[in-house]
Amino acid sequence: MTIFSPVAERDFSMLCTAFAMGLSLGYLATAYWPKRRQSALDLSTFELERITKVFDNEMCVVGTFPGRPNDKALLVLQKQKFVAGDACQIIANLSLHKIHENDVYSNHVGVLSGENDALRVTVIYPATEAHIAKHTEQTFHFVVETKDVYESVTLPYINSIPLEKIQWVRLTTSRSTKEADKIVLEDNDPKTGFLLLPDTKWTRSTHIESLYLLALVLDKSIRSLRDLTGDHIPLLRNVRDKSLALIAAKYKVPASSVRVFVHYQPSYYHFHIHFTHIKVPFGIFVGKAVLLEDIIHNLTQDSDYYKKATISFVVGDQQHAALYQAIMA
C-alpha cells in the first residue's frame, strides 16, 4: 500500500480532478460543439510566397501548391461584415480577454467561435500577373485624360488587352458558365439588352445593406464610358429602369437607396453598370465612380460628350501599370 503525504495527496487529488474535468470537457466538446467542416479546398499544402496586401479587414497572399510550382494561387482573405441579426449569437460565443481597465471602462480582445469568426476567402487559381497586381498594395495617382491622350495612349492600351481577359464576361452573357445561374434579370434585346446578377462582393444576400449587383450589357462594342454616345441613351435608361424596379420588388430596396454608377477606368473593358445599396462604402470615390444619371444627362446635352471630354481618374501603378507608365511618359 502506497502512503502519500498530505501535500502529495492534495496534489494527486487535484491532478485526478483536473484529469476528470478534462475528460468531461472533451466529451462535451465532441458531443455538443460543432465539428470542423471538411474544407472545400485543402490549404494544408499551400506554400506561401509573399503577402501582397494587408488592410484592417483584408489580407492577400500569393503562393503555390505542390506539383504545380509555376501556377500561382491568390487568396483574398476578408473579415465578414457584422449583421445586426447576428448580435445574440455573437455575444453568446464571444470569449473576452481583458487588456485594460479604468473605472467603468475596460478593453478586451474578443475571440469568436463558430460561424461568426469565419472569413470570406476568394481563391484565384491559377492567378495571372494582372490578378496579383490588382490585389497588391500600390501607389495611386490622379491623371488627366484629354481627348488626345485617350486616343493616343488609353485607346491603344485597351486594344492591346487580350480578349481572354474578359472571357468570363463573354461566357456569362452567352449563358455558358455557372455565373448564368445567378442571373436575376435578363433582357435579350440586341441593342438595349443586359443581364443583371449579384456581384461577388455581395457575400451575404440576406444582408440587404450590402446589396451589390452588376448589369452586363449585351452590346460588345461598348467597352468603357468613352464609347457611349447619345445613341446609347435608350440602353442606359432601360438598364436603370428595369434594374431599379427589380431591386425594389425582389430586395425591397427603393430607388432612392440605390447608387447607380460606372467605373472609369474599369477593372475590365466590357461595359457594365454597378447597382449598390447607398450604404456600401467602397468603389464609389471621386476619380473612379461616375453616376449613371450624370452620364445620361451629359449625353442628352451632347451626343459625343464622352468622346470629347477631359476626364480625371485615379490609376494604380500596379493594377494599371502599363497605362500609368504610358500616360506619365
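The dialogue below goes from confidence to cores, a helix, rings and backbone.

Q: What kind of model is this, and how are its residues numbered?
A: Residues are numbered from 1 along each chain as its sequence is written. This is a predicted model, in which local features need pLDDT of at least 70, side-chain atom pairs count only at pLDDT 80 or more, totals for chains, interfaces and linings use all residues, and side-chain values use heavy atoms, with hydrogens and water left out.

Q: What is the average pLDDT of the protein?
A: pLDDT is the predictor's confidence in each residue, from 0 to 100. The protein averages 83, and 83% of the residues score at least 70. Residues 1-8 have a pLDDT below 50, and this stretch has 1 contact beyond near neighbours in sequence; contact means heavy atoms within 4.5 Å. Residues 10-35 also stay under 50, with 2 contacts beyond four places in sequence.

Q: How many residues does the largest nonpolar core have?
A: A nonpolar core is a set of buried Ala, Val, Leu, Ile, Met, Phe, Trp, Tyr and Cys residues joined through side-chain atoms within 4.5 Å. Buried means under 20% relative accessible area, exposed over 50%, and partly exposed in between (1.4 Å probe, protein chains only). Here the largest core has 54 residues, and those with the most contacts inside it are Leu 236, Ile 273 and Phe 275. Its largest share, 8 residues, comes from helix H6 (residues 233-251). Apart from this core lies another of 7 residues, including Val 62, Leu 74, Ala 127 and Ile 132.

Q: Which residues are in contact with Ile 273, leaving aside its neighbours within four places in sequence?
A: Among them are Leu 213, Leu 214, Ala 215, Leu 236, Val 239 and Leu 292.

Q: Why does the span of H6 agree with its number of residues?
A: Helices (H or I, at least four residues) and strands (E, at least two) are DSSP runs, numbered from the N terminus. The expected span of a helix is 1.5 Å times one less than its number of residues. H6 has 19 residues and should therefore span 27 Å; its end C-alpha atoms are 26 Å apart, which agrees.

Q: Which residues of H6 are buried, and what do they pack against?
A: An α-helix has 3.6 residues a turn, so residues three or four places apart point the same way. The buried residues of H6 include Leu 236, Val 239, Arg 240, Ser 243 and Ile 247. Among the elements that the buried residues pack against are strand E10 (212-217), strand E12 (272-277) and helix H7 (292-301).

Q: What follows just after H6?
A: Lys 252 comes there, with a positive phi of about 60°, in a residue other than glycine. Lys 252 is in the loop between H6 and E11 and is exposed, with a relative accessible area of 66%.

Q: How many aromatic pairs are there?
A: A pair of aromatic rings is described by the distance of the centres and the angle of the planes. Rings of Phe, Tyr and Trp (its six-membered ring) pair if their centres lie within 6.5 Å; planes under 30 degrees apart count as stacked, over 60 as edge-to-face and the rest as tilted. The count is 8 pairs. In one of them, Phe 65 and Tyr 125 are edge-to-face, 5.2 Å centre to centre with 80° between the planes. Phe 65 lies in strand E2 (residues 58-65) and Tyr 125 in the loop between strand E6 (119-124) and H3, so the pair ties together parts 60 residues apart in sequence. Phe 65 is buried at 11%, whereas Tyr 125 is partly exposed at 28%. With Phe 46, these two residues form one aromatic cluster.

Q: Is His 135 buried or exposed?
A: His 135 counts as buried, at 16% relative accessibility. His 135 is in the loop between helix H3 (129-134) and strand E7 (140-145). Its contacts, leaving aside neighbours within four places in sequence, include Thr 52, Cys 60, Leu 74 and Ile 124.
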